[in-house]
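Please look over the model below before reading on. Keep the sequence at hand as well.

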Amino acid sequence: MKKIGNKNTPPRSRSRRKFLRQGVAAGAVALSAPMLIRPAKADKQVLNWLTYSGHSAEEVIGPFTEATGIKIQAKEYADGEKMLALIHGSPAGTFDLVTSDAPYVELLVKSNLLQAMKPEDYDLDSFFPEFRSWEQHWFDGKLMALMTSWGYNGLAYNTEKLSAADVSSYDVMWRDDLKGKLGMRDWYLPIMGCISAGMGHKDPYNITNEQFDALKKRMFSLKPNVAGFWNFAGVFDSLANGGAYVIPGCGDWIAGLLQRANHKIASAVPKEGAIMWTESVSIVRGTPRLEQANKLVRYLTGVEGQTRLMTKSSYMANGPSRTAWDHLAKINPREAEMLHMTEKEDNIMNVLRDGRIIPRRLPSNQSMETWQEAYTQFQNL
Amino acid sequence: MVVMTFWTVRNFQLAPDFSFSNWVTILSADYVWDAYARSFLGAGLASVLVTLLAFPCAYYLGLKASPRVRLIGACLIMAPFFTSFLVRAYTWRTMLGDQGVINAILGWFGFEPVQMINNLFGSIIGYLTLVMPLVLLLQLFSLSAIDRRLIEAAHNLGCGPYWAILRVVVPAAKTGIILAAAFSFVLAFGDLISPQVLGGSNPPTLSILIVDQVRGGLQWPRAAVIAVVMVLTLITVVTAAMVMTYGGNRRQSIRGKS
Amino acid sequence: MGLFLLRSYVVLIFLFIFAPILVSFVFSFSENRFPSLPLTEYSLVWYQRVLDEPAFLDSFKRSLTVAGWTSVLSTCLGFGGAYVDYRYRFLGQKVYVALGIVPPMIPVLILGVAMLIFLSRIGLSGAQHSVVIAHVVLCTPFSMAINRLKLSQMDQNLEAAAWNLGATPWATMRTVILPFCLPAILASFFITAAISLDEFAIAWFVSGLEETLPVRVLNLVARQSSPSVNAIGSFTFTMSLTLIILAQLVLIVSQRRSGRNE
């Protein structure tokens with residue numbers, strides 16, 4: 001027994017100090033833990049790449065690492081806005097390359113985050129002529145990004161419930177027998193672009209305020225048919241499991257995957273036109289691994305990288321490279337067919353040249369917020 | 001730190017500008033208030049349901065089962081913590097879909113397919129999946145701490161089993177039950193996955209609006225306004241729950257003295 | 001009869017909890033790219049796919065490390081915070097408690113961006129330890145609430161009695177309070193680890209290039225709809241279940257042994 005006291009409360013300040021000291025000690029242990037903090041990676045053979053989901057999978061970049069010995073450490077994202085927040089919030093030098101959608105390239109250029117690229121460094125001759133000088137990639141005569149993939153957002157549909165003739169126009173979405181079977185994506189830009197195109201606007205994002213009000217009205221009248229607003233996984237699942245028979249804002253990149261798994265799903269470019277999506281790779285300004293970064297850009301725009309990007313398991317894509325187009329038709333005609341990358345009259349390049357695949361832009365006469373707000377009101381109906 | 005995070009969020013604007021226009025825009029939009037009501041009712045319904053559904057189960061494990069069964073039960077409750085909620089939500093989506101497992105079973109009995117996702121029902125299933133293990137654990141936790149002699153005494157005094165539960169067990173475990181319900185309200189109110197994946201954002205809740213505000217023109221400040229509204233709501237709800245618990249306790253102790 | 005009904009009800013609730021886990025387990029063995037009925041051929045392709053990605057094991061180890069540190073730190077902080085709230089009455093106590101419970105209430109998207117900005121300002125962003133810091137902030141309130149609940153069940157006189165018997169505050173803590181709170185501490189340990197193991201939204205922002213497992217799962221499930229996640233889920237679930245069963249066995253064996261000793 002130690003000395004007997006009659007303390008009813010412990011000395012307050014002491015134990016509080018002790019508590020603090022323990023907290024600090026715990027913090028110190030945590031911060032000095034060798035398991036947790038490793039020296040910053042200055043390794044020349046590791047490239048840090050901020051890109052869309054699925055791009056850094058072994059199936060896409062495996063041959064690159066094998067051939068060059070350069071490892072890819074990727075950060076994958078799904079929403080351009082989160083990507084912007086991340087790249088703005090991270091210390092300079094975190095990333096060497098970034099892949100983004102063309103309108104976001106513009107935002108990245110405005111923030112002075114990208115490095116101008118030299119066209120002669122890449123094999124642009126292998127590209128289709130229209131992609132060699134894609135206007136969304138050039139700023140003040142400087143090349144800021146190179147396209148790696150593209151595709152269209154038209155209508156994806158269940159071929160057992162609807163025919164190709166049915167989906168030749170966006171008007172099918174209003175059909176009474178599709179009540180509860182019309183799906184929507186949770187992103188306003190492609191969906192509203194499709195509806196705007198469906199109203200006959202040749203430049204769907206460049207419309208007057210009156211036209212915008214009419215667009216809102218037309219969109220709101222769709223609501224009784226809408227089953228839900230889904231992200232990618234939801235779109236895939238709904239098409240595969242009969243939750244929706246038709247979804248706007250989708251294309252071969254979704255339907256191809258479902259066809260691979262033997263689902264009766266196809267996609268179409270309606271006569272009013274579909275919205276284009278693009279993915280482009282850029283080099284981040286000030287990267288110490290410029291040479292290695294260029295190697296990756298060359299790989300991604302070359303035959304091997306292009307073919308693998310087109311047929312990757314996360315989502316399929318068309319590509320800008322003519323050489324890769326020919327290569328895919330040779331090695332994998334079935335997938336080339338799914339992507340409409342054939343020599344047939346209705347191949348995807350001809351549709352694009354026809355002006356029926358319209359580049360996606362940001363709304364020009366109204367703010368993005370106004371468009372988003374209309375879409376939120378649509379969801380809320 | 002918390003204060004700091006808030007400060008940075010509010011100042012994270014593309015054009016550093018300090019105005020109330022964001023507040024006005026958000027607070028005057030009727031869809032925000034619709035979404036608010038929806039989130040509140042959804043989360044409230046979920047926490048009431050989960051409390052009622054979990055209680056008999058926790059009661060059995062905590063007071064009726066043998067220690068061995070209780071231990072196994074507690075471990076089983078913890079098991080789902082180690083699988084991703086995201087994966088569970090997507091699996092529910094496949095199960096509840098028009099051609100899913102549940103509708104297939106209903107089909108055998110000759111029922112028409114029932115729509116169970118892309119609506120409130122789907123969201124609620126999601127919320128329940130999210131909070132059920134935690135609520136079970138917390139309820140079990142406070143029920144097993146009850147002195148069983150209390151219940152025996154109640155029985156000896158001629159209390160029927162249901163009365164004993166209502167008059168003895170529930171008040172004794174009240175703190176835990178309310179705490180668990182408050183937890184589930186907080187989690188369900190802020191949950192994005194259930195209303196999005198299982199509710200089909202149709203119609204949207206506040207957590208979905210936050211994502212959409214950012215999507216539409218990088219409106220982080222407006223998203224932050226919604227976030228502040230949500231936090232204030234939750235603080236109010238939790239404070240109310242705490243007052244309910246501790247206020248009740250005080251009354252009890254007074255009764256004990258008199 | 002009543003007991004039988006109650007038992008069936010318990011089974012029903014457990015069925016509800018385990019249904020999605022079991023079904024995803026079944027899907028993980030199905031070859032079909034998009035989980036749907038009827039089930040197609042049995043295949044291990046998704047397990048193969050997961051094991052082929054070197055990043056998977058890295059992120060798995062990282063997640064375990066992060067969850068370990070998070071659970072230890074937030075349980076310590078949570079217990080400390082709960083004890084301070086229980087033992088002392090001080091100015092601004094309500095504010096202290098309120099501040100303590102706020103983080104889980106902030107929508108994760110906002111909290112993630114705020115954390116990213118805050119951590120990169122103090123130069124701690126973009127690595128494993130950033131995730132630990134963010135998760136400790138997120139998890140501590142849960143730990144605090146659980147410990148506070150347990151402390152409020154404790155007889156207030158117990159501590160005073162120990163002091164009267166001459167125990168120093170530290171000895172009291174060690175021999176009286178900590179043993180009493182042990183179940184709560186263990187529970188909070190588990191719950192915080194579980195929250196950390198399943199958190200992806202904040203981790204996506206602050207982890208930089210050192211991705212944790214849930215961030216990978218998010219990429220796979222939400223964007224690619226890949227059944228690999230079913231394989232990952234089944235894998236981690238089986239592993240944790242094995243650990244739990246092992247722990248049970250150890251517990252039962254040691255109980256038997258101590259029973260014999262008595």
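## Ground rules

This is a predicted model: local features need pLDDT of at least 70, side-chain atom pairs count only at pLDDT 80 or more, and totals for chains, interfaces and linings use all residues. Residues are numbered from 1 along each chain as its sequence is written, chains are lettered from A and ligands numbered from 1 in the order in which they are written, and side-chain values use heavy atoms, with hydrogens and water left out.

## Chain C

Chain C has 11 helices and 0 strands. Helices (H or I, at least four residues) and strands (E, at least two) are DSSP runs, numbered from the N terminus. Along the sequence the pattern is α-α-α-α-α-α-α-α-α-α-α. The C-alpha atoms of chain C fill a box of roughly 70 × 60 × 35 Å, taken along the principal axes.

Of the 262 residues in chain C, 60% are buried. Buried means under 20% relative accessible area, exposed means over 50%, and partly exposed lies in between (1.4 Å probe, protein chains only). Take the contacts in chain C with a separation of 6 or more: residues 24 or more positions apart account for 72% of them. Contact means heavy atoms within 4.5 Å. The accessible surface of chain C is about 11,000 Å², and 71% of it belongs to carbon and sulfur atoms. Such areas come from the Shrake-Rupley method with a 1.4 Å probe; for residues, only the protein chains shown count as cover.

The size of an interface is often given as the accessible area lost when the parts come together. Between chain C and chain B, about 6,300 Å² is buried, and carbon and sulfur atoms give 86% of this area. Buried area is the accessible area (1.4 Å probe) that two parts lose on being put together, summed over both. Chain C brings 67 residues to the contact, and chain B brings 77 residues.

How many salt bridges cross the interface of chain C and chain B? The rule finds 0. A salt bridge is a side-chain nitrogen of Lys or Arg within 4 Å of a carboxyl oxygen of Asp or Glu. Polar contact is found for 3 residue pairs across this interface (both at pLDDT 80 or more). A polar contact is a pair of N or O atoms within 3.5 Å; within protein, one must be able to donate a hydrogen and the other to accept it, and residues adjacent in sequence count only if both atoms are side-chain atoms.

Several helices of chain C give two or more residues to the side that touches chain B, including H1 (2-27), H6 (128-153) and H11 (228-261). H1(C) gives the most, with 16 residues. By class, this side of chain C has 56 nonpolar, 7 polar and 4 charged residues. Ala, Val, Leu, Ile, Met, Phe, Trp, Tyr, Cys and Pro count as nonpolar, Asp, Glu, Lys and Arg as charged, and the others, Gly among them, as polar.

## Where chain B meets chain A

Chain B and chain A bury about 2,500 Å² between them, with 46% of it on carbon and sulfur atoms. Tyr31(B), Arg93(B) and Arg215(B) supply 27% of the area that chain B buries against chain A, more than any other three residues. The contact takes 25 residues from chain B and 31 residues from chain A.

Here the rule finds 4 salt bridges across the interface of chain B and chain A. One of these pairs is Asp79(A) with Arg215(B), whose closest N and O atoms are 2.7 Å apart. There are also 14 residue pairs in polar contact. H12(B) gives the most to the side of chain B that touches chain A, with 4 residues. That side has 8 nonpolar, 10 polar and 7 charged residues.

## Leu97 of chain A

Leu97(A) lies in strand S3 (residues 97-100) of chain A. Is Leu97(A) buried or exposed? Leu97(A) is buried, because its relative accessible area is 0%.

Leu97(A) and Trp49(A) are 48 residues apart in sequence, yet 4.8 Å apart in space, C-alpha to C-alpha. Beyond its neighbours within four places in sequence, Leu97(A) touches several residues, among them Leu47(A), Trp49(A), Val281(A) and Leu296(A).

## Backbone details

Most residues other than glycine have a negative phi, and most peptide bonds are trans. Asn202(B) and Pro203(B) are joined by a cis peptide bond, with omega about -5°. Pro203(B) sits in the loop between helix H11 (193-198) and H12 of chain B. Ser201(B) is in the loop between H11 and H12 too. Ser201(B) has a positive phi of about 50°, although it is not a glycine. At 1% relative accessibility, Ser201(B) is buried.

Asn112(A) also is not a glycine, and has a positive phi of about 60°. Asn112(A) lies in the loop between helix H4 (102-110) and strand S4 (114-115) of chain A. With 46% relative accessibility, Asn112(A) is partly exposed.
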